[in-house]
Amino acid sequence: MLTRRCFLAALLTAVAMAGRAGDVALDPDLVVLFADTHCTAQEKNTHQREGLARCVREVLALNPRPAHVLLYGDLSFGHGETNDYRVLKALLGPLEAAGVRWHACFGNHDRRGPFGAVFPEVAGRRQVVAGRLVTVVETPHADFILLDSCLEGPVNGGIDEAQRAWLAETLRGYAKPVFVGAHHPLKETGVGGLLAATPRCKGYIYGHRHTWQQQAEEGVETLCLPSTGHWGDIGYVLVRLSAEEAVFTLRQHDFYAPRPGEAKPEWQARVKRNDGSQIGRASCRERV
């Protein structure tokens, strides 16, 4: 249940950050990746809200700022409660106030109906795949495709046939480098073979596991993102794009499981080792 105090705290945070937004240029070659925000109205779980608020503050402190912020699912803490999305809307407000566009896909903790009730402007956009939140984010040097892997119930994810057909048609003859992604890992979406056969596809990006990790799967380079503040690796990823390459840099703030507590030495070592790492470097040249 969303208490008045909880909502006002989130709203005041958003207003304060928006007030400091100023007039800073937006860089179309700079993109920020968030995942697993797990926003909640529960007062006892403050760390999720604080984690996302910190990431937003750091994005707004960049000069220039990124033109886009992408959220890779599990926007909600529970099962897509309306009040969770209201908190999310307040915390993302400063990005909108600064002109930074945000785009999201759904995870297993999300529900389309409540999300659409809070974000009618998002749900009302022309759907490229009926009934699914699928987005193409264009930048000068590379594009990002966000798929909808939410099955509204199971923890695992999947891509329906309509999305699969749309993706195959979209990638056929794609002119620019493109990164495809969803909340769930590649194996659960079942699009590995298609991506491996697409020369312009440079990788697959996902959340769900809350772990900063790059590895090759099914002939595709995959990148798993940290959570903004729930558990596991905590932070966000900054992507700098050029005609030559895309550089994915981790900004890691913390590590904890399942929630903040006394910092363990091995956790501190993990944060120190990971922060600023660029294991996600990818060439933007055509693969042959």
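This report describes a helix pair, an open sheet and several backbone features of one structure. The model is a predicted one, and every value below was computed from it.

**The helix pair**

Helix H2 covers residues 46-61, and at 1.5 Å a residue its 16 residues should span 22 Å, which agrees with the 22 Å that separates its end C-alpha atoms. The buried residues of H2 are His47, Gln48, Arg49, Gly51, Leu52, Ala53, Cys55, Val56, Val59 and Leu60. An α-helix has 3.6 residues a turn, so residues three or four places apart point the same way.

Two packed helices are described by the angle between their axes and the distance between the axes. Helix H3, made of residues 82-97, packs against H2 at an angle of about 15°, and the two axes are 9 Å apart. Angles under 35 degrees count as roughly parallel, and H2 and H3 are therefore roughly parallel to each other. The crossing in which H2 passes H3 is right-handed. On the H2 side the contact is made by Arg49, Leu52, Ala53, Val56, Val59 and Leu60, which meet Val87, Leu88, Leu91, Pro94 and Leu95 of H3.

Strands of a sheet pair through backbone hydrogen bonds, either parallel or antiparallel. Here 6 strands form an open sheet in the order S4-S5-S6-S7-S9-S8, and the pairing is mixed. Strand S4 (135-138) and strand S8 (213-217) stand at the edges with a single partner strand each, so one side of each is left without a neighbour in the sheet. From one strand to the next, the twist averages 25°.

Within this sheet, strand S6 (residues 178-181) pairs with strand S7 (residues 201-206) in the parallel sense over 4 bridges, with Phe179 opposite Gly203 in S7 and Val180 opposite Tyr204 in S7. S7 also pairs with S9, again in the parallel sense, over 3 bridges, and the bridge partner of Tyr204 in S9 is Thr222. Strand S7 is mostly covered, since 6 of its 6 residues are buried. Helix H6, residues 161-171, lies across S4, strand S5 (143-146) and S6, and runs at about 170° to S5.

**Backbone features in the loops**

Most residues other than glycine have a negative phi, and most peptide bonds are trans. The table lists backbone values that depart from this pattern.

| Feature | Value |
|---|---|
| Cis peptide bond, Asn63 to Pro64 | omega about 5° |
| Cis peptide bond, Ala257 to Pro258 | omega near 0° |
| Positive phi, Asp36 | phi near 50° |
| Positive phi, His38 | phi near 45° |

Asp36 lies in the loop between strand S1 (26-34) and H2, and this residue is buried, with a relative accessible area of 0%. His38 has its place in the loop between S1 and H2, and His38 is buried as well, with a relative accessible area of 2%. Pro64 lies in the loop between H2 and strand S2 (65-72), while Pro258 is found in the loop between strand S11 (245-256) and helix H9 (265-274).

**Trp231 and its surroundings**

Trp231 lies in the loop between strand S9 (220-224) and strand S10 (232-241). Its relative accessible area of 32% makes Trp231 partly exposed. Leaving aside neighbours within four places in sequence, Trp231 is in contact with Arg209, His210, Tyr256, Ala257 and Pro258. Between Trp231 and Leu92 there are 139 residues of sequence separation and 20 Å in space, C-alpha to C-alpha.

Conventions:
Residues are numbered from 1 along each chain as its sequence is written. This is a predicted model: local features need pLDDT of at least 70, side-chain atom pairs count only at pLDDT 80 or more; totals for chains, interfaces and linings use all residues. Side-chain values use heavy atoms; hydrogens and water are left out. Helices (H or I, at least four residues) and strands (E, at least two) are DSSP runs, numbered from the N terminus. The expected span of a helix is 1.5 Å times one less than its number of residues. Buried means under 20% relative accessible area, exposed over 50%, partly exposed in between (1.4 Å probe, protein chains only). Two strands pair if DSSP finds at least two bridges between them. Axes are lines fitted to C-alpha atoms, for helices over the stretch in contact, and angles run from 0 to 180 degrees between N-to-C directions. Contact means heavy atoms within 4.5 Å. Angles under 35 degrees count as roughly parallel, over 145 as roughly antiparallel, 65 to 115 as roughly perpendicular and the rest as oblique. A crossing is left-handed if the near helix is turned anticlockwise from the far one by less than a right angle, and right-handed if clockwise.
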